[in-house]
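This report goes through a two-chain model, from its overall make-up to the packing around one residue. Please have the sequence and structure open while reading.

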Amino acid sequence: MSLFPKEWSFLNDAWKFALVLTGREADATALVSGALSAVSKRADLHESERIRRVFFSVLCREGAKAAVTENPETPAEQATHFLHQLPEPSRQAITLLCLGAFSGEHLAELLGKSEPELARCLDEARTVLKQHLSPRS
Amino acid sequence: MNPKAARQFLAIQFPEPSGSREISKARDALAKSPDLLEGYEAQIALDKAAVSVLAGVEIPPPAAGTLGEQAAAISAAGSGRRFNPRDPAMLAVAIGFLLLVAVLAWHFLGRAGVFPEEALTIAAEGAKLRAEQFEVVEDKSGALEDWFVLKGFDRFHVPEKFAGYQAAGARVFKIENRPVAVLAIPENYMFFLVFDPAPLGIKIRPQGSWQFAEFDYKYAAAIREENGMCFMVVIKGTSKDLARLIEKH
């Protein structure tokens, strides 16, 4: 059950995304908190969908600055470490796609890519993921 | 959609089936190319595994609590944001409101001081009446209320300062099926007309003031509203003549 107000229910996905970007739970919380602060200062944001999009844009921008970490500690860090190790922009693309946070079209827009470019990023990510995941076929 | 385009389209779709028509069409198109279909099925399996991993991650309760409080505080502060005057929606509402005020002001105040067109029609009809069309009366104009009641015209009223004029003739005629009482006053060759303005859509603003107009090149009319009835004086002459006559009283 979400602990967040209804209009902020996307923070669950946002935190998971931040965890993939930073590799650390504490850093993920700090990243999401920073994005909340950034969004709260924007007087031009009123519509909830736009707030969500800007919020994830801030996460993408700030999260891309985080260094890749080694030695994940908590179970959540360990579970997502294979995603954390992906290169950008494939990491952001595959994580947001698999969180179901945005449609493919909106994801391309968010990441500033055309749909064919996004498809290439995702295929690159999947190529790497194949080595880490052994999906049931 | 050809198989290659379908493959590219499906590469950026969430792995769970959405049931959308586009995805169904793309899957059908992909079915024509076994290689691409196989690649797509591998993609689905891989993406679903990643979805499953992410679904299993839980945000730690302390972090959720901290972020939840921060979000709630932003939401609470955001309620004030709705009144930001720079918000385009608020700006549109404000402009709409100002336009509404302007239209209402134009409607109610803009017509002030204007002699109503409908009243001018009544004045013209009254001025056309010939002497033989009146019934002879021999009373002062202020004493003819009962006479008009008998003729079916209620609420006949002449302002006090015009009540002393001797009337020579009186009658009721109809404009738009509404009765208009008219008196022929020998002094100054005047007509007094009394009618209910509401059914005719006539309003004299400001109430109690006189409005003047000239018509048919030789007549002048002055009208005022009093106690819900209009009283109109028509003379042969100009508005200035009529204004002088009214000021005299």
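## Model and confidence

The structure is a predicted model. Its scores are ipTM 0.89 and pTM 0.56. For chain B the mean pLDDT is 85, and 91% of its residues reach 70 or more.

## The two chains

Chain A contains seven helices and zero strands, so that its pattern along the sequence reads α-α-α-α-α-α-α. It has 137 residues, of which 40% are buried. Of the contacts in chain A with a separation of 6 or more, 58% are between residues 24 or more positions apart.

Chain B has eight helices and seven strands. Buried residues account for 25% of its 249 residues. Where contacts in chain B link residues at least 6 apart in sequence, 56% of them join residues at least 24 apart.

## Contact between the chains

Chain A contributes 43 residues to the contact and chain B contributes 37 residues. On the side of chain A that touches chain B, at least two residues each come from α1 (11-22), α2 (25-40), α4 (75-84), α5 (90-99), α6 (104-110) and α7 (115-132). The most is given by α7(A), with nine residues. Sorted by class, this side of chain A has 26 nonpolar, nine polar and eight charged residues.

## Nonpolar cores

Nonpolar side chains tend to be buried together in soluble globular proteins. In this model the largest nonpolar core has 55 residues. Those with the most contacts inside it are Ala14(A), Trp15(A), Ala18(A), Val32(A), Leu59(A), Ala93(A) and Leu122(A). Helix α1(A) provides the largest share of this core, eight residues. Chain B also takes part: domain 1 (3-56) and domain 2 (61-108) of chain B each supply at least three residues to this core.

Leaving aside residues up to four places away in sequence, Ala93(A) touches Leu107(A), Leu111(A), Leu118(A), Cys121(A), Leu122(A) and Ala125(A). A second, separate core has 36 residues, including Ala119(B), Leu144(B), Leu183(B) and Ala222(B).

## Helix α3 of chain B

Helix α3 of chain B covers residues 34-56, 23 residues in total. From its first C-alpha to its last it reaches 33 Å, close to the 33 Å expected at 1.5 Å a residue.

The buried residues of α3(B) are Tyr40(B), Leu46(B), Asp47(B), Ala50(B) and Leu54(B). What do the buried residues of α3(B) pack against? In chain A their partners are α1, α4, α5 and α7, and in chain B they are α1 (3-11) and α2 (21-30).

## Helix α1 of chain B and Phe9(B)

Ala6(B), Arg7(B), Phe9(B), Leu10(B) and Ala11(B) are the buried residues listed for α1(B). The buried residues of α1(B) pack against α7 of chain A, and also against α2 and α3 of chain B.

Phe9(B) is part of helix α1 of chain B. Why does Phe9(B) count as buried? The cut-off for a buried residue is 20 or more other C-beta atoms within 10 Å of its own, and Phe9(B) counts as buried because it has 22 C-beta neighbours inside 10 Å. Phe9(B) and Ala26(B) are 17 residues apart along the chain, and their C-alpha atoms are separated by 7.3 Å.

Technical notes: Residues numbered from 1 in each chain as written. Chains lettered and ligands numbered in written order. Predicted model: local features only at pLDDT ≥ 70, side-chain atom pairs only at ≥ 80, totals over all residues. Contact = placed C-beta atoms within 7 Å. Helix = DSSP H or I, 4+ residues; strand = E, 2+ residues; numbered from the N terminus. Nonpolar A, V, L, I, M, F, W, Y, C, P; charged D, E, K, R; others polar. Core = buried A, V, L, I, M, F, W, Y, C linked by C-beta atoms within 7 Å. Buried ≥ 20, exposed ≤ 12 C-beta atoms within 10 Å, placed from the backbone. Domains from an automatic or database assignment. Expected span 1.5 Å × (residues − 1). pLDDT = per-residue confidence, 0-100.
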